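Here's a quick briefing to read alongside the model. Have the 3D view open and click along as you go.

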Amino acid sequence: MTDFELEQFITEYGADIYSFCCCLTGSRQEADDLYQETFLRAVEKRKVLDAAGNPKSYVLTVAVRLWKNQRRKAAWRKRIADVELTGEDRTAADLQVSEDNLPEHQLVREEMRTAVRNAVGMLPDKLKVTVLLYYMEERSVEQIADILHIPRGTVKSRLYQARKILEKELEYMLNE
């Protein structure tokens, strides 16, 4: 991938990758760090990236792996030094503007978004990453399997498990 192609890629997909990082980390500060580290790795590997292929999947894979490594290191540090990690509760979804200008509709939509975001955030990491890749990044089961290096059946199973948990958590919204 040439420098120009990399620049075009960042322009085209940078916002998507940043939004994914925000949902993954749950903190804007951590998302900023993850986003920067992800694209730093992409810049370092730009010679092996194929612009004609699917570089977005590669960058998503890098983001997921970096996030997993950071979580592993943070858990290890917490065990050793009992350090508490803090972060903002706001994500990129908080910044979205509703198309409907009625305050009542905006309030209901924001409550629904917050409830769904909180429910997804409470999922175990394996399920959370799979759900975010499938629904937020609109990746196919095959692409998610490639990104996470797991079998397709495992991706389907994780999506099923996550849907069941989310259905139970959000049951009150579905009944309205």
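How far apart are E37 and R41 in helix α2? They sit four residues apart in α2 (residues 28-44), so about one helical turn separates them. Before going on, keep in mind that this is a predicted model, where local features need pLDDT of at least 70, side-chain atom pairs count only at pLDDT 80 or more, and totals for chains, interfaces and linings use all residues. Residues are numbered from 1 along each chain as its sequence is written, and side-chain values use heavy atoms, with hydrogens and water left out.

**The overall picture**

- The protein chain has eight helices and zero strands (helices are DSSP runs of H or I with at least four residues, strands are runs of E with at least two, and both are numbered from the N terminus).
- Going along the sequence, the pattern reads α-α-α-α-α-α-α-α.
- The protein chain has 176 residues, and 35% of them count as buried (buried means under 20% relative accessible area, exposed means over 50%, and partly exposed is in between, using a 1.4 Å probe and protein chains only).
- Take the contacts between residues at least 6 apart in sequence: 65% of these join residues at least 24 apart (a contact means heavy atoms within 4.5 Å).

**Salt bridges**

- Side chains of opposite charge can pair when their charged atoms come close.
- Searching the whole structure turns up six salt bridges (a side-chain nitrogen of Lys or Arg within 4 Å of a carboxyl oxygen of Asp or Glu).
- E37 and R41 form one of them, at 3.2 Å from N to O. E37 is partly exposed at 26% relative accessible area, and R41 is partly exposed too, at 34%.
- R117 pairs with E110 at 3.8 Å, N to O. Here R117 is buried, with a relative accessible area of 18%, while E110 counts as partly exposed at 26%.
- K164 and E167 also meet in a salt bridge, 3.8 Å from N to O. Both belong to helix α7, three residues apart, or about one turn of the helix. K164 is partly exposed at 42%, and E167 is partly exposed at 41%.
- There's a network as well: salt bridges with shared partners link D16, K56 and E137.

**How the helices pack**

- Two packed helices are described by the angle between their axes and the distance between the axes.
- Helix α5 (residues 125-136) packs against helix α6 (residues 141-148) at about 135 degrees, with the axes 10 Å apart (axes are lines fitted to C-alpha atoms, for helices over the stretch in contact, and angles run from 0 to 180 degrees between N-to-C directions).
- That angle makes α5 oblique to α6 (under 35 degrees counts as roughly parallel, over 145 as roughly antiparallel, 65 to 115 as roughly perpendicular, and the rest as oblique).
- On the α5 side, V129, T130, L133 and Y134 make the contact, and on the α6 side it's V141, I144, I147 and L148.
- The axes of α5 and α7 come within 9 Å and cross at roughly 95 degrees. That makes α5 roughly perpendicular to α7.
- Among the α5 residues that meet α7 are K126, L127 and T130, and their α7 counterparts include V155, R158 and L159.

**A buried arginine**

- Which helix holds R158? Its place is in α7, which covers residues 152-169.
- R158 is buried yet has no salt bridge, and the nearest side chain of opposite charge, D125, is 11 Å away (Lys and Arg count as positive, Asp and Glu as negative, and His and the chain ends are not counted).
- Leaving aside neighbours within four places in sequence, R158 touches K126, L127, T130, L148 and I150.

**Two residues with positive phi**

- Most residues other than glycine have a negative phi.
- E138, which is not a glycine, has a positive phi of about 50 degrees. E138 lies in the loop between α5 and α6 and counts as exposed at 67% relative accessibility.
- H149 isn't a glycine either, and its phi is positive at about 55 degrees. You'll find H149 in the loop between α6 and α7, exposed with a relative accessible area of 53%.
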